[in-house]
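Work through the two exercises below with the sequence and the 3D view open. Each task is followed by its solution.

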Amino acid sequence: MSRTREKRHCVTAIIMPDALILGIETSCDETGAAVVRSGQQILSNVVASQIATHQPYGGVVPELASREHLRAIVPVVRQALAEAGQTYASVDAIAVTQGPGLAGALLVGISFAKALAFALEKPLIAVNHLEGHIHAVLLEQRLSENAGVHFPVLALVVSGGHTHLYLAQVRENLWSYRNIGHTRDDAAGEAFDKVAKLLGLGYPGGPIIDGLALDGDPHAVKFQIAQMKHPDRRDYKPGDHRQLQEDDGPHFDFSYSGIKTAVLRYVETQNMKAAIEARRQALAGIEKPTLADTRGLCDRQTLNLVASFQRSMVNDLVVKTLAAAREYDVRTLFVSGGVAANRELRATFEREAAMQGLPVFFPSRALSTDNAAMIAAAAFPKFLRGEFVAMDFCAEAGMALR
Ligand code: KG4
Ligand code: ZN
């Protein structure tokens with residue numbers, strides 16, 4: 001296939017299905033670059049994690065994130081091209097996360113992608129990070145031609161910044177999304193991170209709690225998670241996907257700030273604070289604490305608390321998502337985003353969705369968390385449609401998915 005600019009612009013999508021897209025992701029605390037062929041074959045996927053930088057603070061520090069992205073972006077992109085056996089000249093397009101995310105962090109990826117696209121005269125594609133998470137599912141299932149995926153799809157995007165439910169449709173490579181639920185306060189991943197922090201377990205909390213929960217009793221502590229009222233039903237009829245506006249129909253909202261407070265209250269009433277402080281100090285003295293290090297510093301009561309917290313979170317996510325799936329009569333379920341790496345969440349979704357006769361797909365655990373392969377994959381349908389952005393497009397920290 002010719003790589004000349006003239007050729008690229010006159011060949012249509014139908015006779016040019018093969019495209020190498022360089023994806024760049026810098027929305028939060030991972031610098032990612034990947035080369036993906038035609039939305040389905042990962043040639044490389046490099047992720048430089050900033051965990052060590054943010055660990056001492058127990059959460060992402062935006063200024064540090066931008067600085068780390070600046071340091072990492074050039075070597076990460078070079079490595080992605082080298083591992084893919086490609087060059088700057090041989091890729092067909094450059095895709096970059098436009099939002100949502102940290103403004104300064106997004107700007108690093110966007111500025112770099114713009115400079116590359118300008119210098120190389122390649123088309124530039126802007127991708128919504130949440131759409132990337134949804135396309136991670138398709139990418140890995142080798143389902144980019146949608147064999148096996150029946151629409152409408154319900155996608156739960158559950159990460160450090162989002163707990164969102166979207167109805168997804170596709171027509172002639174044009175994907176559209178309608179939000180039918182979101183968190184009213186903390187995202188699920190944020191709750192995992194905050195609970196881990198308040199228990200002195202380290203950062204990021206999700207993978208640590210996932211590992212520790214295996215050794216605890218999930219029935220030991222009872223937590224109530226807030227149930228949201230869904231007032232707006234208007235003229236909605238179940239199964240009617242055609243003329244609905246964003247606000248029509250029932251919403252399935254989440255709320256996770258209460259459970260974090262409940263964990264804090266439990267810690268106070270059970271006098272766990274001194275043990276937590278001792279654990280925090282012990283972990284601070286270990287350069288790169290492993291799960292085994294953390295496990296060794298946890299008593300039974302802590303393990304039980306962690307397992308009970310995780311069980312409540314998982315149950316709430318699964319029950320609300322499956323209720324939404326029934327209400328909107330969807331035919332396939334996607335679960336993606338960092339929290340989709342959680343083993344109990346995956347197992348529970350698989351079991352409960354099967355009882356409802358609903359196929360459920362996840363990305364692999366590695367592709368559940370932030371990466372650039374999902375950005376390159378989500379860009380492919382846009383590439384086919386010629387949906388390129390001008391050089392003056394901006395980062396959108398609060399970008400909505402539609
Ligand atoms: O998608 P992601 O990498 O970044 C955002 O877009 O936010 O998600 C990161 C979030 C963090 O809150 C992290 O604690 C959580 O995903 N996470 C997990 C697991 N692995 C990552 N939560 C629960 N269980 C896990 N195994
Ligand atoms: Zn993410």
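This is a predicted model: local features need pLDDT of at least 70, side-chain atom pairs count only at pLDDT 80 or more; totals for chains, interfaces and linings use all residues.

**Exercise 1.** Describe the surroundings of strand β9 (residues 332–336): which way do its side chains point, and which strands pair with β9?

*Solution.* 
1. Start with the side chains. T332, F334 and S336 point one way from β9, while L333 and V335 point the other way. In a regular strand, side chains alternate between the two faces of the sheet.
2. Check burial, taking under 20% relative accessible area as the cut-off. Five of the five residues of β9 are buried, so by this cut-off the strand is mostly covered.
3. Find the first pairing. Strand β6 (residues 153–158) runs parallel to β9 and is joined to β9 by five bridges. Here L154 stands opposite L333.
4. Find the other pairing. Strand β10 (residues 360–361) pairs with β9 in the parallel sense over two bridges, and V360 is the bridge partner of L333 in β10.
5. From β9 the chain passes through helix α12 (residues 343–355) to β10, a right-handed β-α-β crossover.

**Exercise 2.** Identify the protein donors of the zinc ion (ligand 2) and say where H129 and D370 lie in the chain.

*Solution.* 
1. List the donors. They are H129 (NE2), H133 (NE2) and D370 (OD), at 2.0 to 2.1 Å from the zinc ion.
2. Write their spacing in sequence: H-x3-H-x236-D.
3. Check burial. Both H129 and D370 are buried.

Methods
Residues are numbered from 1 along each chain as its sequence is written. Chains are lettered from A and ligands numbered from 1 in the order in which they are written. Side-chain values use heavy atoms; hydrogens and water are left out. Buried means under 20% relative accessible area, exposed over 50%, partly exposed in between (1.4 Å probe, protein chains only). Helices (H or I, at least four residues) and strands (E, at least two) are DSSP runs, numbered from the N terminus. Two strands pair if DSSP finds at least two bridges between them. A crossover is right-handed if, with the strands pointing away from the viewer, the path from the first strand over the helix to the second runs clockwise. Donors are N, O and S atoms within 2.8 Å of the metal (3.2 Å for Na, K and Ca); water is not among the atoms, so sites may look incomplete.
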